[in-house]
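This briefing goes with the sequence and structure shown below. Please read it with the structure open.

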Amino acid sequence: MTDSQRIRLSGREYRGLERIDGSLVFMKNTHPVGYNELVQITDKDGNIRSGQVLDTSDEAVCVQVFDGTSALNLPDTRMVFMGEPITLGVTDKMLGRVMDGLGNMRDGNAAPMAEARRDVNGSPINPTARIYPRDFIQTGISCIDGMTTLIQGQKLPIFSANGLDHNILAAQIARQAKVRGADSDFAIVFVAMGIKYDTAQFFIDSFESSGVLDNVALFLSLADDPSIERLITPKSALTLAEFLAFDKGKQVLVIMTDMTNYCESLREISTLRGEIPSRKGYPGYLYSNLAELYERSGKIEGREGSITQLPILTMPNDDISHPIPDLTGYITEGQIVFSRQLASKGVYPPVDVLPSLSRLMKDGIGEGMTRSDHPHLSNQLFASYSHVKDVRNLASVIGEEELTDLDRCYMRFGEFFEQRFLKQGTNEDRSIEQTLDLGWKALGFLPREELSRLSEDEIDSHYTAAEA
Amino acid sequence: MDQAVIGRVKRVNGPVVTVSGITNASMMELVYIGEYRLIGEIVKLEGSSATVQVYEDTTGLAPEDPVYTSGGPLCVELGPGLIGSIYDGIQRPLEALRASGGDFIGRGQSANSISHKQKWSFHRTMEEGSTVSGGSIIGYVDENSNIKHKIMVSPFCKGGKLVDLAPDGEYDVTQVIANVLGADGRKTAVRMSHKWPIRKSRPVQSHMSLSVPLITGQRVIDVLFPLAKGGTVAIPGGFGTGKTMTQHAIASWCDADLIVYVGCGERGNEMTDVLREFPTLIDPRTGRSLMERTILIANTSNMPVSAREASIYTGITIAEYYRDMGYHIALMADSTSRWAEALRELGGRMEEMPAEEGFPAYLPTRIAEFYERAGYMKNLNGTEGSVSVIGAVSPPGGDFSEPVTQHTKRFVRCFWGLDKGLASARHYPAISWLTSYSEYVPDLRSWWDRKSNGAWEADRTAIMSLLQQEVRLSQVVKLVGSDALPDSQNFILSVCDLFKTAFLQQNAFDDEDKYCNADKQLKMLRLIMLYYELGSKAIKAGSTLIKVKRLKVVQDLARMRFSKDLGDLEQRLRSSMRALEEAYDR
Ligand SMILES: Nc1ncnc2c1ncn2[C@@H]1O[C@H](COP(=O)(O)OP(=O)(O)O)[C@@H](O)[C@H]1O
Ligand SMILES: [Mg+2]
């Protein structure tokens, strides 16, 4: 059978399921159905749900139902195979609207007229078409701008944990982020997966109060929505993001929260299908699956826009080696890692800079981009702050009084770095110069000879020893 | 297309497709499936059904779709025009795909791996009537100003007499430029390109022993944990510890003739980085752009997983091909863990019984087979060449006890373990001097000692022993503080500190320090050891550690990596130390 013959059969309705298992349904005796095809499922009351073919053979078809299977029965459920993958109608009129995971309007109002339909699975960007991202985004937050600089087109996740202020930070970044000297057409795509209503509302309020809500498209699949819907939500959202960035030339920031919930839905389906798990029950393809989302960011040669991703995930048990943060870190271009210890010292944002990293920072900072001393300065701050940890350990063993003078300098440096450099207000918007100057002020607590990562010239022009 | 149908799709489960009604097919045969002619490979045959691993996205594929034969296994096309190209995992040229299909990679796209139109200027080096066999070099073309591309008889050819040899002139890679007349009277055509199945290593006369280092320009590697030309090394490390940067640095600066860089299941932007940066970087040895010695294979993490599995074979086959011409190739695979995971994913979809952590039981065999293709070889045609393999490993959670790291360790002889703690302190390259090793040290000793009059070995041993002592001493310091140690021992700690900042660290973004030649490495090492020797003497004579450390010349040692030539550092070191000592001699 050719595709065209099959398309004629698509649209035919079948009644009666073979089996329902969690969010999966199975049907026999259909025409040959294509892998990944969109499926329309109608329950006995005439309500329509959407699904996708996960496995197809000449014996049976297995369909995952995004709206969940509750209240479906075997005999009365009807299915139509649509003969095409799941698509999303896209238009920039979706900015300012609230949608569900499949892109249906949640507010009940009519959907805007689509300008194009796109396969939500997307296609890989040809590496030869990419432009290496280099443009510095000033977030006004010192630990990010100074130490893990965000670059336009980067995918930079926040590794947080339950109860920490990741949402506040994400909202602050969304409010304050700007490329200096550029007057760009920006948009935000906000993707909620399994988060609570009030968390989503917090973001909406924050967008509203900063007057950008009209530039935000919200895709919400909340905690009380079917968990399976979370699997399609980021795909729909990224499909719109690609349209906005690469067709409409907008600088798009995609905030996705909480990736942990997304991964759990994936595990749920995988377990249901009896697949061989790899670590902690997550499927072996978790890496590829996440990569298919995260790699939908960047810049393309000859096109105006960009997609910058800010995924948020909560590390189960605060464990950074858990498969979700681990595989994420292997795909994304760095990570911003939260520390419960810093949070409990009252430091906001509680970013532990040592395990944090921005891989794209190297090409976006320095002379002509931020300031010429930035690369060596951040390097020195990392090196010195990592020594603080050793000194603190020593102090806890032998007592602070027993420390050498040099070690005491490190203790004071560490205090200043955490309490003045890292810590800032939730509305405080620091310029990169302010951030770097604060960094130098912290280094002032250390003797000059300790600054081996900086050049003599840099030290001469910026260093002032702190008063004892 | 007019290929014959050999079966029909029975089931589609992601990249794994079951085919029924198979009439005539063989294992590892390349097939085309459905209307888009998606490329796949038969990985299992059972009665009249077959399992096919498909190299492209299978969306829309349905039962009853036809399966066509290609008549052979998955091959790469080898000939002039490979250098400077970027391919996906099954050697589709990404530049050409972009030109025809746009910025996103769609399905069912194809293009010739090397241009069939471009004319190359062929120079014969053999006479009509000579006796040839598989691998014989009959002529060459200048692929670029660095690489003479030798035109070889395919190793599959049984050999015979060289006839119908074309005169020097311009030919494309599809034209017959000679025939080999076999003993059976049959002629085999020789073109400037030939195909080779990726899963079969190209034959050689013999393996040779390894005795020449692959100089990488990275001090921690060349001095502490050297790699031999033809050797194998694993770089394991958690995310962000520097696997890719190390691979990039070696690809940029090592003294191989040719680089094959396989981006296997990693980031798109990293391939773009190489693609955009290499043409602008100059190879210090040839003065030519680095892209003129580089071939890229990019099967990024979001590209189909089966092609990821194939990508490292595609890469190593191309490397072997250039080795057969007598060149030294360095192949980087970033990351072999993604390849192993592709095996796991495909195995899982085929419902194979898993062994450790879901990986198939044949994982160790596959890893071994891959690394076995490295080596310093005497080629069929008598030339000598080498393939060195540098494989990144991405252990889950950064834990080296997992299966891929452990099995890889069994089959490589060199190990550059990356350390999370070093990376987070921004000590780069974060290659741990405690967990890393190189079994090539004895093989390379005589090369280095010839170069340094024996200093390499002596200084290397001395610094390694100081680093060992440092571990013990810093345990003590952690418990009681540094005041508890005598100056002579605290001095060891500070020499090790200096060695780490001044020697082991090497910033890949620093214009001067990203590459350090072997002579400078030796000098720097000597200076640090001299500082240790003279400093110890001064302290013994009664000077204090503080005085030794505060010498201006020590600050200069700490920054010597940033200056091109080390000038009078040694003299100044000697005279400052002498002055210190004399103050106490009296
Ligand atoms: N030799 C080096 N010099 C300077 N920076 C480095 C070096 N090695 C690693 N880095 C830093 O570490 C980051 C992560 O390195 P990368 O090689 O991408 O890690 P991995 O591949 O192990 O995840 C880089 O983006 C860079 O900032
Ligand atoms: Mg990497």
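The model is predicted. Chain A and chain B bury about 6600 Å² between them, and 79 residues from chain A and 82 residues from chain B take part in the contact. Chain A also holds an open sheet of 8 strands.

**Contact between chain A and chain B**

- Of the area of about 6600 Å² buried between chain A and chain B, 49% lies on carbon and sulfur atoms.
- Between the two chains there are 9 salt bridges.
- A salt bridge joins the side chains of B:Arg559 and A:Glu456, with an N to O distance of 3.1 Å.
- Chain A and chain B have 35 residue pairs in polar contact, counted with both residues at pLDDT 80 or more.
- On the side of chain A that touches chain B, several elements supply at least two residues each, among them helix H1 (3-9), strand E5 (48-57), helix H5 (233-247), helix H11 (374-398) and helix H14 (456-462) of chain A.
- H11(A) gives the largest share of that side, with 7 residues.
- By residue type, the side of chain A that touches chain B divides into 37 nonpolar, 21 polar and 21 charged residues.

**A strand pair across the two chains**

- E5(A) is joined to strand E1 (residues 5-13) of chain B by 2 bridges, and the two strands run antiparallel.
- In this pair, A:Thr56 stands opposite B:Val12 of E1(B).

**The 8-stranded sheet of chain A**

- The strands of this open sheet have the order E9-E16-E15-E17-E19-E14-E20-E21 in chain A, and the pairing is mixed.
- Strand E9 (98-99) and strand E21 (357-358) of chain A stand at the edges with a single partner strand each, so one side of each is left without a neighbour in the sheet.
- E21(A) pairs with strand E20 (residues 334-337) of chain A in the antiparallel sense, over 2 bridges.
- Within that pair, A:Leu357 in E21(A) is the bridge partner of A:Gln335.
- H5(A) lies across strand E15 (186-193), strand E16 (216-221), strand E17 (251-257) and strand E19 (306-314) of chain A.
- The angle at which H5(A) runs to E15(A) is about 175°.

- Strand E3 (residues 29-33) and strand E4 (residues 38-46) of chain B run antiparallel and are joined by 4 bridges.
- B:Tyr32 stands opposite B:Ile39 in E4(B).
- The hairpin of E3(B) and E4(B) has 4 residues between the strands, and B:Gly34 there takes a positive phi near 70°.
- E4(B) also pairs in the antiparallel sense with strand E5 (residues 49-54) of chain B, over 6 bridges.
- In E5(B), the residue opposite B:Glu41 is B:Gln53.
- The hairpin of E4(B) and E5(B) has 2 residues between the strands, and B:Gly47 in the turn has a positive phi of about 55°.

**Strands on either side of E13 in chain B**

- Strand E10 (residues 131-132) and strand E13 (residues 160-163) of chain B run antiparallel, joined by 2 bridges.
- E13(B) is also joined by 3 bridges to strand E15 (residues 176-181) of chain B, again antiparallel.
- B:Lys161 takes part in both pairings: B:Lys161 is the bridge partner of B:Thr131, and B:Lys161 stands opposite B:Leu181 in E15(B).

Notes:
Residues are numbered from 1 along each chain as its sequence is written. Chains are lettered from A and ligands numbered from 1 in the order in which they are written. Side-chain values use heavy atoms; hydrogens and water are left out. Two strands pair if DSSP finds at least two bridges between them. Contact means heavy atoms within 4.5 Å. Buried area is the accessible area (1.4 Å probe) that two parts lose on being put together, summed over both. A salt bridge is a side-chain nitrogen of Lys or Arg within 4 Å of a carboxyl oxygen of Asp or Glu. A polar contact is a pair of N or O atoms within 3.5 Å; within protein, one must be able to donate a hydrogen and the other to accept it, and residues adjacent in sequence count only if both atoms are side-chain atoms. Ala, Val, Leu, Ile, Met, Phe, Trp, Tyr, Cys and Pro count as nonpolar, Asp, Glu, Lys and Arg as charged, and the others, Gly among them, as polar. Axes are lines fitted to C-alpha atoms, for helices over the stretch in contact, and angles run from 0 to 180 degrees between N-to-C directions.
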